[in-house]
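The following exercises are to be worked through with the sequence and the structure at hand. Each task is followed by a solution in steps.

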Amino acid sequence: MGERAVKCYVVTGSASGMGRAVTEKLRAQGHTVIGVDLVDAEVLADLSTADGRHRAIADVLAAAGGRLDGAVLAAGLGPTPGKERLRLIAEVNYLGVVELLEGWRPALAAADEAKVVVFSSNSTTTVPAVPSRTLAAFAERDIDKVCRSVRIFGKQAAPIVYAGSKLAVSHWVRRAAVSREWAGAGIRLNALAPGAILTPLLEKQLATPTEAKAIRSFPVPIGGFGDAGHLADWVLFMLSDSSRFLCGSVLFVDGGSDAYFRAKDWPRAVPIRHLIGYVRRFRGFTPYR
C-alpha cells in the first residue's frame, strides 16, 4: 500500500522549537497534527507528571480515533542547573517518551507502517562520565534513584541527568525498535540526535554569560548552530516512505561534534568475548512477518 494522502501525526513539544517546526511543516503538507504541549496545543498536558502523561495518552488516542500514522517525540527539557530540575528533566525526557509511546503503540500498529521519531541528543556521546547506575535507574523507571545517582556531581548534576536521559531513551529506542511489538507490528522506530540547534531554549542559554561561554566553546567542526527548520526536514524524511528500511537508528545531525569526539568508537567490530551471545541471537532470530 502507498502513503495515504492525508495522515494523522502526534507531535509532543509542538508549541515551540523543533517540535513547532515539525508541526508547521507537516500541516503545510496537508497532514493532521495533534500537538501536545503545556500551551497552544490540541492536547494540553504536563509530561513531568504521571497524570499529565496519562492525559496525553488518552486525549491523543481519542483525537486520533485509535489510529496514528506517526509520532514525533520532541518535548524535552535542557540541562538547566538547579536541584529541583533534576526530576523534571528525567520525567519529561525519559518517561515523557517511553510511557507515551507504549500507550500509543496500538494506534501506531493500526496504521500501515507507522513511523516514530524520538528526539535524542549528541550529548549521548559528547558528555563524559554518565554513571552506569544512572542509566540502570532510568531503565527501571525509578526517578528517585536517578536523582540519587548523580548527587556526587553537585551543581553539575543537571547536565549528567540530561545526558543520561537521552542515552537511556536512545537505548530504549534501539531495544524496542527491533522487537516483535514494534518492528513486528510494522512500526518504524528511530531517533534523531541533534547538536546545538538555534531554538528559543538555546537563545535563552546564550543570553546567560556563563552558559553562553560554554556553548560557544564546544567543538563543532563545521561551526555555528543548527537550524530548527532543517532538523524538521530530517524528521519529515524519517516519517516518509523513503525511510521504511530505517529501524532502530540514532542519526546524528550535530555539525560533526559526535565524530570529532568519537570517530573510532563506532562502528566497532563485535569483540571475541561477545561471540557466543552474538551467535545465540543470530540463531535465535525468527522473522516477525
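**Exercise 1. A residue and its distant partner**

In which helix is the place of Asp144?

Solution. The model under study is predicted.
- Step 1: Asp144 belongs to helix 6, a helix that covers 143-149.

**Exercise 2. The chain as a whole**

Describe the secondary structure, the dimensions and the surface of the protein chain.

Solution. 
- Step 1: Count the elements. The protein chain contains 12 helices and seven strands.
- Step 2: Compare the radius of gyration with the globule rule. The radius is 19 Å, and the rule gives 19 Å for 289 residues, so the protein chain is as compact as a globular protein of that length.
- Step 3: Take the extent of the C-alpha trace. Along the principal axes, the trace spans about 50 × 50 × 40 Å.
- Step 4: Of the 289 residues, 47% are buried. Among contacts with a separation of 6 or more, 75% are between residues 24 or more positions apart.
- Step 5: The accessible surface amounts to about 14700 Å², with 57% of it belonging to carbon and sulfur atoms. There are 36 positive and 27 negative charges, whose mean positions lie 8 Å apart.

**Exercise 3. Aromatic pairs**

How many aromatic pairs does the structure hold? Classify the pair of Tyr94 and Phe138 and the pair of Tyr260 and Phe261.

Solution. 
- Step 1: Six aromatic pairs are present in the structure.
- Step 2: For Tyr94 and Phe138, the ring centres are 5.3 Å apart and the planes stand at 55 degrees. Planes under 30 degrees apart count as stacked and those over 60 as edge-to-face, so this pair is tilted.
- Step 3: Locate the two residues. Tyr94 is in helix 3 (residues 85-109) and Phe138 in helix 5 (residues 132-139); the pair links distant parts of the chain, 44 residues apart.
- Step 4: Tyr94 is buried at 1% relative accessibility, and Phe138 is buried at 0%.
- Step 5: For Tyr260 and Phe261, the ring centres are 5.3 Å apart and the planes stand at 85 degrees, so the pair is edge-to-face.
- Step 6: Tyr260 is exposed, with a relative accessible area of 54%, whereas Phe261 is partly exposed at 38%.
- Step 7: Extend the view to the cluster. Phe218, Tyr260 and Phe261 are linked by ring pairs into a cluster.

**Exercise 4. Backbone features in loops**

Solution. 
- Step 1: The peptide bond from Trp266 to Pro267 is cis, its omega being near 0 degrees. Pro267 is in the loop between helix 11 (257-262) and helix 12 (275-284).
- Step 2: Ala129 is not a glycine, yet has a positive phi of about 70 degrees. Ala129 lies in the loop between helix 4 (123-126) and helix 5 and is exposed, with a relative accessible area of 58%.
- Step 3: Arg141, likewise a residue other than glycine, has a positive phi near 60 degrees. Its loop runs between helix 5 and helix 6, and Arg141 is partly exposed at 33% relative accessibility.

Methods: Residues are numbered from 1 along each chain as its sequence is written. This is a predicted model: local features need pLDDT of at least 70, side-chain atom pairs count only at pLDDT 80 or more; totals for chains, interfaces and linings use all residues. Side-chain values use heavy atoms; hydrogens and water are left out. Helices (H or I, at least four residues) and strands (E, at least two) are DSSP runs, numbered from the N terminus. The radius of gyration is taken over C-alpha atoms; the globule rule is 2.2 Å times the number of residues to the power 0.38. Buried means under 20% relative accessible area, exposed over 50%, partly exposed in between (1.4 Å probe, protein chains only). Contact means heavy atoms within 4.5 Å. Accessible areas come from the Shrake-Rupley method with a 1.4 Å probe; for residues, only the protein chains shown count as cover. Lys and Arg count as positive and Asp and Glu as negative; His and the chain ends are not counted. The place of a charge is taken as NZ of Lys, CZ of Arg, CG of Asp or CD of Glu. Rings of Phe, Tyr and Trp (its six-membered ring) pair if their centres lie within 6.5 Å; planes under 30 degrees apart count as stacked, over 60 as edge-to-face and the rest as tilted.
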